[in-house]
Amino acid sequence: MTTAKSLRLALSFFALITLQACATYYQQHLDFNYEFEHGDLQQALNALKGSEAESKSRFLFFANKGLLLSVLGDYEESNAFLEKAFLFGEDYRVNYFNEGVSYFTNPNFTVYRGEDHEHLMVLYFKAINYLKMNQPQDALVECRRLNIRLNQLTDKYSSPHKLQRDAFIHTLMGIIYQSTKDYNNAFIAYRNALDVYENEYAKMFHMSVPEQLQKDLVNTAYWTGFMDEFENYKTKFGMQDYTPVQPDAELVFFWHNGLAPVKTEWGINFVIAPGPGNTMLFTNESMGMVFSFPVEEENDRRGLAALQIYRVVFPRYVERPLYFQTANLETNGAAYPLQLAEDVSKVAFQSLRQRMLQEFAKGLLRAALKKVTEQSLRKKDEGLGALLGVVNAATEKADTRNWQTLPHSIFYSRIPLVPDEKNEVKLKLLPGEGSGTDYSFTYQPQKGRTLFHTFSSLESLAPSYSF
Amino acid sequence: MKKPFAIILLATLFSCQQSVTRVAPDTQIDLSGRWNDSDSRLVADKMISELMASERFKEYAKEKGRKPAIVVGLIRNKTSEHIDADTYIKKLEVAIFNSNVAEVVESEEFRDKLRLERTQQQDFADPATVAQWGKEIGANLMLFGEMTSETDTSNKKRVVNYITTLYLTDIETGKRVWYGQQEIKKFVKNG
């Protein structure tokens with residue numbers, strides 16, 4: 001067989017395979033998503049294929065499995081998978097061969113490394129699992145890991161316009177430290193969380209400081225003996241008459257509301273025209289985007305210019321809007337509103353937004369490389385070049401992988417419980433319109449214990465875009 | 001056509017691999033500018049030398065007529081970082097123990113464990129070997145401390161000044177017998 005024939009066969013085969021694999025990550029896992037969104041978690045778990053543990057999306061396999069097992073109450077098994085997801089993040093190294101190949105195919109050829117917030121969420125679920133199993137020392141290990149991850153995040157982005165810190169994770173660290181009676185570290189974590197809510201979260205997400213955080217900050221300042229800070233924060237929050245009371249037992253309740261956004265793809269048409277010197281310019285005037293690429297050979301530049309318009313695809317998030325808007329906990333005649341601590345959906349949008357320029361540059365470089373290769377091949381063999389053009393078009397695909405079983409938002413509250421007695425607690429979920437849904441729980445804590453409970457409501461409104 | 005190919009092929013040759021090297025524990029390695037092991041070592045070294053050279057501490061020991069017993073009390077952290085004070089307090093404890101200038105008695109947490117063990121020995125251990133009640137050495141001095149930090153930032157520059165203060169207080173009189181202080185100022189430039 002001649003080289004040209006072998007190449008033709010290989011390209012045809014490659015085109016066939018990639019055409020079948022042009023679905024988004026969500027579409028490729030429709031059976032899993034169907035079961036999960038309908039609340040059949042055991043079936044969803046069964047739909048997760050074990051072979052994915054070795055795949056390029058293995059981080060998502062570990063994370064999904066860990067999250068589902070946690071919701072199902074199998075905390076030890078959940079933590080085994082979440083630990084794998086954590087270690088994946090620790091040991092992840094760029095494979096430059098795959099990176100290189102991805103420029104001639106698409107970014108799905110690379111191993112999915114996980115978004116910053118996804119790596120933080122792995123440790124959140126892990127820490128909560130340990131707290132539910134009453135293993136506070138193990139939860140503290142996760143707390144220290146979270147601290148390292150937060151520091152890495154701050155170092156990664158030097159621009160103050162980028163999301164460098166995570167208010168909820170600082171709050172969570174405070175909650176964990178407080179549960180182990182380490183009020184000093186809890187105070188530091190709460191104070192850091194306050195700073196992030198008041199600055200980054202207020203500006204980027206229009207979020208306010210949870211009232212529960214204000215109370216916890218004042219309490220831990222008092223219990224640590226920081227009386228100046230105690231008085232200052234009381235005044236700042238308008239809590240002059242507030243006196244901290246140590247409850248005999250308490251419950252920290254996290255409400256995982258809705259579902260995180262799904263990544264899909266969108267395309268932009270770029271006009272290709274010669275630029276100054278040996279460059280080609282990719283321009284989209286309506287979006288005000290111009291990218292310049294050096295192309296050494298004149299024939300290649302001419303070939304690219306002949307294309308005039310080229311479509312490049314990029315990832316985008318589609319929100320799954322919340323069905324339930326608010327929720328309350330009721331016990332012993334008192335009501336405690338669950339307060340928004342993290343809008344995971346907005347954090348995801350922000351993280352993609354702040355690296356969109358990088359995504360554009362990558363996408364365009366990929367397009368340029370593909371087209372230059374196609375032009376070169378056309379010069380030698382028009383038919384082969386045309387076939388490569390088909391393969392290039394078929395393989396043009398955005399990376400639509402993300403952790404889609406995460407909640408849309410996390411709400412929380414802290415409520416006092418009566419120790420060594422059965423405490424009946426009612427959870428009331430309220431949608432924007434219509435009647436609410438109630439759930440009842442019974443807790444019987446020992447004296448001095450802090451219990452942890454997470455509740456997931458998977459209901460979402462129909463998204464504005466199909467994926 | 002050749003150049004982009006060459007760049008990508010070159011990149012594939014240099015795949016990113018992890019390497020681990022063991023270094024001497026006292027090697028100063030600063031990566032992020034946050035509190036690290038070098039800072040803990042600086043604090044411990046300064047505190048140890050100040051305590052050993054303290055005339056007031058020596059006078060106190062002389063007045064007591066025996067080696068004073070020290071218990072570690074509360075070290076408060078008012079910085080914005082989660083710093084484990086044990087990283088330098090334990091070094092200080094070891095230095096005190098080895099220098100023989102004072103006794104170190106267990107902290108509250110470990111005393112509770114010892115008392116539980118002693119309680120159980122009363123019922124289960126050979127009477128000849130049972131640990132007796134009322135033989136604990138009462139501490140004369142309690143070690144307290146505080147860490148504070150001031151941070152000034154502008155664009156990609158940051159100055160942090162950490163102040164660590166330790167003091168020994170006479171449990172009987174409440175009088176402070178010794179002070180040690182270490183300031184560490186860091187200037188961090190990113191990018």
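**Close-up views of a predicted model**

**Figure 1. Strands 3 and 4 of chain B form an antiparallel pair joined by 14 bridges.** In this predicted model, strand 3 of chain B covers residues 141-154 and strand 4 of chain B covers residues 157-170. Within the pair, E150(B) of chain B has N161(B) in strand 4 as its bridge partner. The two strands make a hairpin with two residues between them. In that turn, N155(B) adopts a positive phi of about 50°.

**Figure 2. Strand 4 of chain B also pairs with strand 5 of chain B, in the antiparallel sense.** Strand 5 comprises residues 176-189 of chain B, and 13 bridges link strand 4 to strand 5. L166(B) lies opposite G180(B) of strand 5. Here the hairpin has five residues between its strands. G174(B), located in the turn, has a positive phi of about 75°.

**Figure 3. Overview of chain A as context for the remaining views.** Chain A contains 17 helices and twelve strands. The C-alpha trace of chain A spans about 80 × 45 × 45 Å along its principal axes. Chain A has 467 residues, of which 44% count as buried. Considering contacts in chain A between residues at least 6 apart in sequence, 72% join residues at least 24 apart.

**Figure 4. Strand 2 of chain A pairs in the antiparallel sense with strand 5 of chain A and runs antiparallel to strand 3 of chain A.** Ten bridges connect strand 2 (residues 262-274) to strand 5 (residues 309-318) of chain A. In this pairing I268(A) stands opposite V312(A) of strand 5. Strand 2 of chain A is joined to strand 3 (residues 279-284) of chain A by four bridges, and the bridge partner of A273(A) in strand 3 is L281(A). Strands 2 and 3 of chain A form a hairpin with four residues between them. The turn includes G277(A), whose phi is positive at about 65°.

**Figure 5. Four strands of chain A form an open sheet with antiparallel pairing.** The strand order is 7-6-10-11. Strand 7 (334-337) and strand 11 (437-443) of chain A are the edge strands, each pairing on one side only. From one strand to the next, the twist averages 25°. Strand 6 (residues 324-331) of chain A is joined to strand 7 of chain A by four bridges. In this part of the sheet, T331(A) is placed opposite A334(A) of strand 7.

**Figure 6. Helix 9 of chain A packs through its buried residues against helices 8 and 10 of chain A.** Helix 9 covers residues 136-156 of chain A. The buried residues of helix 9 are A139(A), L140(A), E142(A), C143(A), L146(A), R149(A) and L150(A). Their packing partners are helix 8 (116-132) and helix 10 (167-179) of chain A.

**Figure 7. Helix 8 and helix 10 of chain A pack against one another at an angle of about 20°.** The axes of helix 8 and helix 10 of chain A are 11 Å apart. Because of this angle, helix 8 of chain A is roughly parallel to helix 10 of chain A. Their crossing is left-handed. Helix 8 of chain A contributes L120(A), Y124(A), A127(A) and L131(A) to the contact. Helix 10 of chain A contributes I169(A), L172(A), I176(A) and S179(A).

Conventions:
Residues numbered from 1 in each chain as written. Chains lettered and ligands numbered in written order. Predicted model: local features only at pLDDT ≥ 70, side-chain atom pairs only at ≥ 80, totals over all residues. Pairing = 2+ DSSP bridges. Axes fitted to C-alpha atoms, helices over the stretch in contact; angles between N-to-C directions. Expected span 1.5 Å × (residues − 1). Buried ≥ 20, exposed ≤ 12 C-beta atoms within 10 Å, placed from the backbone. Contact = placed C-beta atoms within 7 Å. Parallel < 35°, antiparallel > 145°, perpendicular 65-115°, else oblique. Left-handed = near helix turned anticlockwise from the far one by under 90°.
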